[in-house]
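Good morning, colleagues. Please bring up the sequence and the structure, and we shall go through a few regions in turn.

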Amino acid sequence: MNDKIKTSSKKPERRKHAPKFKNQFLHPKYWGIWLGLGLLRLLALLPYKWKMPVGKALGKLLYWLAPHRRRLAKANINIAFSDRSEAEQKQILNEHFESLGIGLMEMGTVWWGHHKKDHDHAFERNLVSFIGKEHLLEAQAQGRGVLILAPHFTTLEVTGLFISFLTNYHAVYRPHDNELMDYLIAKGRSIEFSNGEHVEPVSNANTRQMLKVLKAGKSMTILPDQRYRAKGHIEVPFFGHAAKSNPSTSKIAKLTGCLVVPTFTRRLADGRYEVEFLPALENFPSGDDYTDTLKLHQLYETEIRRNPAQYLWVHNRWNIKNY
């Protein structure tokens, strides 16, 4: 079996190293991005109690400004929850766009929050409760490296921040095709830990660095649940429909001997959050990539059914052609 972790070749080759600022980013073609960044920065200055209401309003605006994404999300929700009534599906769709808007506000918190100045005493520490954190700590105590598995929910930005309050880790991310956006995302997600260690996200194209981190017994977050069409993909049932998926999680575990800890973040109605760590997966990898990938998707599906509106439905998970 070929244990290389393949990446898609459909797009230009992914950048492997943390992007740096370039003077070309000041070119007028980037001014729209800078304007959007400025608006996000202003929103980040709002008192915290206003951020979720403002985020919901932004989400309702996005619902009408992004008809393509709205139709895609509607089609995805229809596939996943075909057993629910049209009214119930519409409610999930509406709440999902509100969740997307709140996610934008959370991005501002991650990029410019109090934790950037004082990670040890950050205001954001008061917003989260941890469930099963002993599972993460027990896995780390074995010294084998830990892969913190966090699927694509709209809380993905704050998930990394909250995990940083428990442990040092490296985050794997998909570089943006736009170089300025890639620079801003990598810079915004960089974390200055309390021990002075500055950690930047690791490109998912930098397989060597990913393996190095885990073989050294360190922790790393990864979000492997989106559609994967490159050579080596595996089709597994997801909500009863075949989904092209990336078997890299079991391959990484096989190559490094790391433990895999599934992790889910939930945004609560009172403005707080909870992050749940499940026990490290047993018999993983099993030696069968299909079995391993199916096992992960069954975990994702269980959590999505519990928290449907906060999953990232604007991604074309089932490669829907017409919507």
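Let us begin with a question: is Asp292 buried or exposed? Please keep in mind that this is a predicted model. Asp292 is buried, because its relative accessible area is 1%, and the limit for calling a residue buried is under 20%. Asp292 lies in helix H10, which covers residues 289–306. Leaving aside residues up to four places away in sequence, the contacts of Asp292 are Ser250, Asn283, Phe284, Pro285, Ser286 and Gly287. Leu281 is 11 residues from Asp292 along the chain, and their C-alpha atoms are 10.0 Å apart.

I turn now to helix H8, residues 207–215. Here Thr207, Met210, Leu211, Val213 and Leu214 are buried. Viewed down the axis of H8, these buried residues fall within an arc of 155 degrees, and therefore they line one face of the helix.

The largest nonpolar core has 41 residues, and within it Ile304 and Trp313 touch the most other members. At least two residues of this core come from each of helix H3 (67–80), helix H4 (86–112), S2, H8, S7, H9, strand S10 (259–267) and H10. Helix H3 gives the most, with 5 residues. As for Ile304, and again not counting residues up to four places away in sequence, this residue touches Phe81, Phe153, Phe238, Phe239, Tyr311 and Trp313. There is also a second, separate core of 36 residues, and Tyr30, Trp111, Val146 and Ile148 are included in it. In soluble globular proteins, nonpolar side chains tend to be buried together.

Finally, the surface. Which residues make the nonpolar surface patch of about 440 Å²? Leu35, Leu39, Leu42 and Leu45 make this patch. One of them, Leu39, is found in helix H1, residues 31–44.

Thank you; I would be glad to take comments.

Key
Residues are numbered from 1 along each chain as its sequence is written. This is a predicted model: local features need pLDDT of at least 70, side-chain atom pairs count only at pLDDT 80 or more; totals for chains, interfaces and linings use all residues. Side-chain values use heavy atoms; hydrogens and water are left out. Patches are made of residues with over 30% relative accessible area and no salt bridge: like charges are joined within 9 Å, nonpolar side chains (Val, Leu, Ile, Met, Phe, Trp, Tyr) within 5 Å. Accessible areas come from the Shrake-Rupley method with a 1.4 Å probe; for residues, only the protein chains shown count as cover. A salt bridge is a side-chain nitrogen of Lys or Arg within 4 Å of a carboxyl oxygen of Asp or Glu. Helices (H or I, at least four residues) and strands (E, at least two) are DSSP runs, numbered from the N terminus. Buried means under 20% relative accessible area, exposed over 50%, partly exposed in between (1.4 Å probe, protein chains only). Contact means heavy atoms within 4.5 Å. The arc is that of the directions from the helix axis to the C-beta atoms. A nonpolar core is a set of buried Ala, Val, Leu, Ile, Met, Phe, Trp, Tyr and Cys residues joined through side-chain atoms within 4.5 Å.
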